Structures are given as structure tokens and as C-alpha cells.
Amino acid sequence: MNAGKQGIGGAAKFRAQLVRAWEDILAGWCRRQLWGTIGLDHIRQKYRRSVLGPFWITLSMGVMVSALGLLYGKIFQQDLQEYLPYIASGFVVWGLIANLILDGTRAFIVAEPMIRQITAPISVYVYRSLWSNLITFAHNIWIYVFIALWFGVSPGWAVLWVLPALVLLLINGLWLGLLFGLIGVRFRDFPLIVNSVVQVMFFITPIIWRPQMLPERALILEYNPFYHFVEILREPLLGAVPGWDHWVAVLLITLLGWVLTLAAYARYRWRIPYWA
Amino acid sequence: MASIQLDRISVSFPVYTARGRSLKTQLLDAAIGGAIRRAPGNRNGTVVEALRDLSLHLKDGDRVGLIGHNGAGKSTLLRVMAGIYEPNRGRVSIQGHAVPLLSKDLGMDPESTGYENIIRRGLYLGLTKKQVRAQLEEIAEFTELGEFLDLPVHTYSDGMRMRLAFAVSTAVSPDILLLDEGIGAGDAAFLKKADERLKAFTERVSIIVLSSHSKALITKICSHALLLQQGKVVEYGEAEAVFTRYQEMSSRARTAAG
């Protein structure tokens with residue numbers, strides 16, 4: 001009987017925590033001016049003393065894409081006309097996804113001084129990370145635009161599918177940042193572990209190779225969440241409408257991720273200033 | 001109406017060892033199933049009880065000094081009042097906008113200029129950009145930093161940073177101001193000015209909680225004082241009397257040690 005009572009008390013407590021977690025996420029969203037500013041600062045700080053400023057991001061990725069594109073185009077004996085736009089769009093999209101994850105794991109770690117100084121919704125620091133990465137993406141996408149123009153790729157109206165795909169990706173970036181950020185601030189080796197995993201995923205996910213190059217449609221694709229996220233963004237960039245199977249997979253991941261995140265964030269959010 | 005109501009709160013910190021901070025080790029330990037047992041209750045290292053079963057009620061007009069040795073729980077208590085730490089146990093109810101001014105760097109971006117940091121901090125405190133800009137002149141004037149405001153903050157002295165942070169923090173017209181030690185340490189004249197600014201700002205008198213080792217400072221600003229020891233309230237009352245008690249306690253400890 002006693003245990004039952006405790007169970008009810010626990011459920012009520014959890015519900016209260018859940019409400020507060022949700023309020024934190026909403027309140028964070030309302031502080032757009034704040035994370036807009038610190039998100040921009042974050043990027044500016046990195047490039048403050050360089051002539052090119054944030055366009056270093058564009059330049060370095062541009063060099064990477066051309067070098068790998070030319071090399072692997074030769075290795076895989078691909079037609080550069082098609083292969084370069086493919087690898088460029090893949091790279092730019094991958095860059096966004098990977099950075100959302102890696103930055104997410106460190107979202108609360110880099111915000112430590114502020115978290116312990118000032119009363120603001122904790123989720124602000126995850127929105128900050130999303131915003132910084134969106135700005136970086138806005139710089140990188142020009143590499144693709146340039147290459148697409150050069151090789152005469154015109155995606156047509158299908159390119160509009162990029163918008164819902166981007167929104168979906170950011171919604172996932174939010175839960176990722178909240179959940180991975182939470183784990184990262186508690187377990188300091190977590191960002192390193194995730195970093196290695198993401199590096200491996202880069203080679204398993206079709207960025208430099210094409211799905212058609214696999215002998216048959218392998219499980220390595222279907223069960224790779226990265227593959228679906230890459231596809232819903234890359235396909236419209238190349239002028240195709242992403243297949244429904246990718247959307248379904250992404251929506252399922254979104255749902256699952258948010259359920260998991262809300263439970264964890266509700267339960268452990270209050271601990272973040274202690275761990276920071 | 002500002003008030004701070006703390007009901008039997010306890011705050012304890014997990015102090016992690018390098019092992020406890022590693023996910024890899026924790027997972028491996030779980031997988032091995034504790035073949036190598038450590039002392040019971042020592043799974044995650046040590047727990048420091050920073051505040052223990054503490055109750056306190058502050059209302060409009062209270063100016064309270066927090067006194068105690070290092071590690072007595074002063075900073076933790078300020079962070080609880082600021083809403084940064086949610087206590088492990090007990091109830092916290094805070095009415096009014098509480099603004100903390102806790103450490104020297106005050107969360108400023110050293111690469112940005114004074115003006116940029118004013119806006120940044122204003123945003124952190126919940127103002128909109130428009131609201132900060134409307135008060136920019138007046139904030140700048142209060143800091144008395146003049147042309148320094150165009151320079152990056154890393155060129156500032158601690159005192160200058162403090163002025164900047166204080167000017168912005170009071171511009172949001174806080175109901176409750178929480179000041180940690182070190183903040184006012186050298187510059188009593190500035191704190192006097194700060195106090196006047198607070199009084200001028202709000203018709204109603206707000207709550208100030210100030211942690212300090214300086215008797216001069218505490219008796220100047222505060223009517224009451226709270227003496228903390230190992231996370232518990234030893235005494236709460238008139239500032240002068242409580243400080244005398246603190247000094248007695250310190251000298252007794254010194255004699256005992258000697």
C-alpha cells in the first residue's frame with residue numbers, strides 16, 4: 001500500500017516536472033532575440049580576426065568538396081557532371097546534420113558559465129546551437145548553388161521540398177540537442193563517443209557513394225537514420241521529390257526522439273546547473 | 001511585492017570523480033555487474049551537502065547579508081534564490097524578478113565591446129533589444145566607463161566589468177538583487193551608488209541579498225544578516241549582532257586550531 005502511494009506521488013511529481021520541462025522549451029523559443037544574438041556571436045568569435053570572416057566555412061568546405069569530388073569521381077568512374085553536384089549536396093547536408101549532433105552534445109558544456117550565472121530557460125542554449133548551425137549551413141549551401149549552376153543542374157519546383165525537410169531536421173535537432181546535451185554535460189566523454197560514431201556514419205551513409213552502388217538494397221541503408229535525413233534534403237536539391245519511405249522514417253524518428261527526450265529532460269533538467 | 005520563501009530546502013552536489021564522469025566506465029561497470037565492488041554508496045563518488053534543511057522568509061525591504069566561511073553555502077543559497085539551482089528537497093517560492101550578480105566574469109563575452117555586452121546581458125535578463133537600446137544612454141552613463149565602452153571587455157579591470165554588469169542588471173528594475181562576494185569587495189563607494197540607484201529605481205524597496213566577508217560592507221548595506229555554517233542557519237538577526245557572533249566563532253575556531 002505504501003509503495004502504491006509512492007507510485008502515485010511519483011507520477012504526480014513526474015507530471016509537474018514534465019510541465020516545467022515543456023515550459024522551459026517554450027520559454028526558450030520565446031527568447032529568440034537572445035539566442036539569435038549569442039548564436040551569431042558564436043560564429044563571429046571563431047572568425048573574428050580573419051579577413052574572410054565566416055566565409056572561411058564556405059571556403060574550407062568548398063575545397064574539401066572539390067578535392068573529394070574529383071578524387072572519388074575518378075575512383076568510382078563517375079560522370080563528374082552528375083557526381084560533383086551529388087557529392088556537393090550530400091556534403092553540405094551532411095555537414096548540417098553532423099554539426100547539429102556534435103554541437104548538441106556540447107550545447108550545455110559550452111554554456112556552463114552562463115548556466116551558473118543567470119536565470120534563463122536552459123533550452124535557450126540548444127536553440128543557440130541550432131541557430132549557429134543554420135547560419136553555417138546558409139554559408140555552405142552556396143557551394144552547392146555554385147556547383148549546380150556550373151554544371152547546369154536545375155532542380156525546378158522540387159527544390160521547395162527542402163523547406164519542410166529543413167524544418168523537420170531542426171525539430172529533430174532540438175530534441176537531439178536537449179537529450180544529447182543533457183547526457184554530454186553529465187558524462188564528459190559522451191561528446192567524444194558521439195564524435196567517433198558520427199565519423200563512422202559518414203562512411204556508412206551514402207554521401208560519397210551512391211545507394212545504387214550497393215549490390216542490393218541493403219539493411220545498412222534502411223536502418224540508417226542518417227540516410228533518411230540526408231535523402232529528404234538532398235533529393236530536392238538535386239531536383240527530385242523525396243520518397244515517402246524517407247518521410248515516414250524521419251517522422252517516426254521525430255516522434256520517438258521527442259518522447260524519449262521529454263521524459264529525460266523532465267526528469268533531469270534541474271540537474272543541469274549542478275552538472276555544468 | 002517581492003518575497004523569497006524557502007521551506008526546509010536541501011541542496012546536495014554530486015562530486016564526480018573522473019570515473020563517474022565517464023559514460024564508458026559507467027557502462028562497463030554495469031556490464032561487468034559490479035564484480036569489483038566499491039564501498040557501498042560510493043558508486044558516484046561523494047555528495048556534498050551544500051544546504052541542509054534551511055528555511056528562510058524574506059519580504060519587501062529586507063536587506064540581508066550572508067556571512068559564513070568559504071564553503072558554508074552562501075553562493076549556493078544565492079543560486080537557489082536566483083532560481084538557478086532547484087533544491088533536492090524542500091519548497092522554494094519566489095515572487096518578483098530576481099537578478100543574480102554572481103561572479104567576476106559575469107558571463108560577458110570578452111571579445112565583444114562594452115556596448116555589445118550591455119545588449120547581450122540585457123537580453124539574458126529578459127529585455128528585448130529595443131528595450132535595452134532605449135536605456136543604453138542611461139546605462140552607459142551609470143557605468144562611468146565613457147569611451148571604454150567601445151573597447152572589448154577583455155581590456156577591462158574587474159571593477160569596470162562589475163560596473164557594467166551592475167548597470168545592466170539594475171536597468172531591468174529587479175525586485176530582488178542577489179550579489180555574491182567579491183562583487184562589491186573593493187569598491188564600497190560604487191556599492192553605495194548602486195544602492196542609491198536601486199532606491200531611485202523602484203518606488204517600493206526591493207530585496208537585496210549580499211554575500212560578503214566585509215563587516216563594513218554588510219553593516220552599510222544590510223539591516224539583517226544570516227550566518228551560515230555547513231549549510232545550516234546558525235543565526236539570523238540584526239546585522240551587527242550576527243557579525244559579532246561570526247567573529248567570535250572564527251576566533252574560537254582559530255584558538256581551538258592553535
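Predicted model: local features only at pLDDT ≥ 70, side-chain atom pairs only at ≥ 80, totals over all residues.
**Stop 1: where the two chains meet**

On chain B, 40 residues are in contact with chain A, and on chain A, 33 residues touch back. How much area do chain B and chain A bury between them? About 3,200 Å², with 49% of it on carbon and sulfur atoms. Now pick out Arg21(B), Glu86(B) and Tyr124(B): this trio supplies 27% of the area that chain B buries against chain A, more than any other three residues.

**Stop 2**

Across the interface of chain B and chain A, 20 residue pairs are in polar contact, counting pairs with both residues at pLDDT 80 or more. Next, show chain B as a cartoon. Strand E1 (3-15), helix H1 (23-32), helix H2 (74-82), strand E5 (98-101) and helix H3 (114-124) of chain B each supply at least two residues of the side that touches chain A. Which element gives the most? H3(B) does, with five residues. If you colour that side of chain B by class, you get 16 nonpolar, 13 polar and 11 charged residues.

**Stop 3**

Side chains of opposite charge can pair when their charged atoms come close. The whole structure has 12 salt bridges over all chains, and three are found across the interface of chain B and chain A.

Select Arg120(B) and Asp41(A) and show their side chains. They form a salt bridge, with the closest N and O atoms 2.9 Å apart. Asp41(A) sits in helix H2 (residues 32-47) of chain A and Arg120(B) in helix H3 of chain B, so this pair joins two chains. Are these two residues buried or exposed? Asp41(A) is buried, and Arg120(B) is too.

**Stop 4: a salt bridge inside chain A**

Select Arg234(A) and Glu231(A). Their closest N and O atoms are 3.4 Å apart, and the two form a salt bridge. Both lie in helix H11 (residues 225-238) of chain A, three residues apart, or about one turn of the helix. Arg234(A) is buried, with a relative accessible area of 0%, and Glu231(A) counts as buried at 6%.

**Stop 5: a buried strand in chain B**

Finish at strand E7 (residues 207-211) of chain B. Why call it largely enclosed by the rest of the structure? Because five of its five residues are buried. Show the side chains: Ile207(B), Val209(B) and Ser211(B) point one way, and Ile208(B) and Leu210(B) the other.

Strand E3 (residues 63-67) of chain B pairs with E7(B) in the parallel sense over four bridges, and Val64(B) has Val209(B) as its bridge partner. Strand E6 (residues 176-179) of chain B also runs parallel to E7(B), joined by four bridges, with Ile176(B) opposite Ile207(B).

Note on methods: Residues numbered from 1 in each chain as written. Chains lettered and ligands numbered in written order. Heavy atoms only, no water. Contact = heavy atoms within 4.5 Å. Buried area = accessible area lost by both parts, 1.4 Å probe. Salt bridge = Lys/Arg side-chain N within 4 Å of Asp/Glu carboxyl O. Polar contact = N/O pair within 3.5 Å; in protein donor to acceptor, adjacent residues only side chain to side chain. Nonpolar A, V, L, I, M, F, W, Y, C, P; charged D, E, K, R; others polar. Buried < 20%, exposed > 50% of the residue type's maximum accessible area, 1.4 Å probe, protein only. Pairing = 2+ DSSP bridges.
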